[in-house]
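Work through the two exercises below with the structure open. Try each task before you read its solution.

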Number of protein chains: 2
Amino acid sequence: MSLSSFIPPQRTLMGPGPSDVSARVLSALARPTIGHLDPLFVSMMDEVKALLQYAFQTKNEFTIALSAPGSAGMEACFVNLITPEDTVVVCRNGVFGARMIENVERIGAKCVIVDGTWGRAVDAQQLERKLQKHPEARFVAFVHAETSTGALSDAKALCEIAKAHNCLTIVDAVTSLGGVELAVDEWQIDAVYSGSQKCLSCVPGISPISFSEQAVEVIKNRKSPVPSWFLDQSLVMAYWSGEGKRAYHHTAPVNSLYALHEALLILKEEGLENSWARHKAQHQKLATGLANLGLEFIVPAAERLPQLNAVTIPKGIDDAKVRAYLLNEYNLEIGAGLGAFAGEAWRIGLMGHAARSENVALCLAALKDALAKFG
Amino acid sequence: MSLSSFIPPQRTLMGPGPSDVSARVLSALARPTIGHLDPLFVSMMDEVKALLQYAFQTKNEFTIALSAPGSAGMEACFVNLITPEDTVVVCRNGVFGARMIENVERIGAKCVIVDGTWGRAVDAQQLERKLQKHPEARFVAFVHAETSTGALSDAKALCEIAKAHNCLTIVDAVTSLGGVELAVDEWQIDAVYSGSQKCLSCVPGISPISFSEQAVEVIKNRKSPVPSWFLDQSLVMAYWSGEGKRAYHHTAPVNSLYALHEALLILKEEGLENSWARHKAQHQKLATGLANLGLEFIVPAAERLPQLNAVTIPKGIDDAKVRAYLLNEYNLEIGAGLGAFAGEAWRIGLMGHAARSENVALCLAALKDALAKFG
């Protein structure tokens, strides 16, 4: 075994995440490690909480950064709220809706599936009909921004329907947070999770989550313990709680939380609305350029995510060769298709720090070159 | 909300972890983020695996870095191997043995407890007697290095007994890996987990784990799915496996893995035996100095961990005041007591990069000052 330090190249990350991490966030990441119970660190955690409340547009007291990736954030929402006796309606229009179903099934709860079309938003009328047929449902879960297809669903409308049927709502905001409008309180979202490595442009590994008061009540009133000790939020609450002494649960990922603090601060400085507008403007530039290259979007314009652009790979073009060429020749990463779209689509991310004119210009120029070369 | 970048002070970390992270590891951490499926990143993961095999002293093919803290590593070992039908013998001589019991109980398996004394090693004869009484036991679990007390148990002897009773062994090596001898293959450990932030002196948030072939067989032959999707190692294997195409499971914590790679490389350069010897030598210096200050160890000399030194707080000394003074005046963190030892002990860590003469000298001088001031 002959090994040396790993020196990664400087890539431009325009896949489905991780997105480009700015020098400012990397610099925060590398600051000296301090203890996870150090009073200064605890104060910083309070600031992370306040910044997350801003990003999620919520007053939820229980708003924290989970010490693991977004898929653990998803699981935390499901295993804390749902017990085997519950019925959960899950909307599936891509890979991450399917993962929600996996979560419900592993809990042993009853899962009612609203099966949608890949590449389309979740159909609100279809949800309404399913809920009419299943008055026993207690939860509705869906993905706000499907990273596997680039479709944006109308979270406000879906939550309204869920609430009319007395259901609590669980929303995947992994790719939406910071990139498109998300209003947790106004839209009546009871449990929401995201990821650090998408439109927040922080390093991967952390999952911001937030629970409404009603969701916290459900957790507090559980009769059986949460199957996962690590994800048991009644224990985690005691560490993140602002009142009194912090109770040790696990060692927080100190440096990653420095980075998240900085990334959230950058978002706050820019302003949420400005960030949404920037994502939209760069998306429009990219979309025009892609059309000029003859590439077609999978998702209809009205349901498109600005931060995740899925286009059909033209016939006769070798997917793997093009992506390898972009990576090796231009240090540019775009995403492969996932699930039903594997080998059939490219996913071009414009997330957070990556949503910049220079990235759009590079991506269009490099793709033009690659399509000519391999077309 | 008026916020600015968080600039932590430069502390000397001599608590129970996180330990001091070297500039070299912090610098690796801050290198540009690349994609978690980038061929260069995948090669680096192969190197992390090889370096972990070296650190654990194992040829186990299934040796990976879990994308979450050590407590998730613990849970991964338990939930993947154990089903509700199993009987598990757990040795408890501190907080982390107790946490193992929590894990077994949440799975719904039968837990047989070998209850030991806080501050002492696990008693091998007691384990032998328990196993004779419980021939139905399939697993034996214990903590190699109890971070809550500073006691080192004889992992080799305990595993030998477990194997004589046809049990698989689950070992907590969170604080032992890199600091004291650990030979996973030779000692017949079937599942082992550690943490990045102890004697590896990496940033917190990652848990190295390893499963023997026999343990992998148990996982493959499960009749019911693992309750946790995120921790289901049959899915994670497909991402870490060297054969063929990597299957996406979750987004790996790219930058934290750069740091772990660098920390493991430092360990490899020093050599495991040299690292163990350094921890022992610094411990002896510290122990002599602490005795000169009139401080008494909780653990008998033969069962002491060099990297975690628990001493009784002298009568009349205000625990919180002393620790706050060390932190504010010397930027020195030592650990409070945990569980049964809360308010009664200090835990002085000499882990990884922190096990240096300058740290020992600082700690003894600062403690002398504090004891005089608050005595």
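This is a predicted model: local features need pLDDT of at least 70, side-chain atom pairs count only at pLDDT 80 or more, and totals for chains, interfaces and linings use all residues. Residues are numbered from 1 along each chain as its sequence is written, while chains are lettered from A and ligands numbered from 1 in the order in which they are written.

**Exercise 1. Find the exposed and buried residues of helix α7 (residues 213–220) of chain B.**

Step 1. Now the buried ones: B:A215, B:V216 and B:V218. They lie on the same side of α7(B) because they cover an arc of only 155 degrees around the axis. The arc is that of the directions from the helix axis to the C-beta atoms.

Step 2. Look for the packing partners. The buried residues of α7(B) pack against β2 (62–66), α3 (70–81), β8 (168–172), β9 (191–193) and β10 (207–211) of chain B. Helices (H or I, at least four residues) and strands (E, at least two) are DSSP runs, numbered from the N terminus.

**Exercise 2. Describe how domain 1 and domain 2 of chain A meet.**

Step 1. Domain 1 is 12–18 + 271–374; domain 2 is 23–268.

Step 2. Count contacts (C-beta atoms, placed from the backbone, within 7 Å). In chain A, 26 residues of domain 1 are in contact with 26 residues of domain 2.

Note on methods. A residue is buried if 20 or more other C-beta atoms lie within 10 Å of its own, exposed if 12 or fewer, and partly exposed in between; C-beta atoms are placed from the backbone. Two residues are in contact if their C-beta atoms, placed from the backbone, lie within 7 Å. Domain bounds come from an automatic or database domain assignment.
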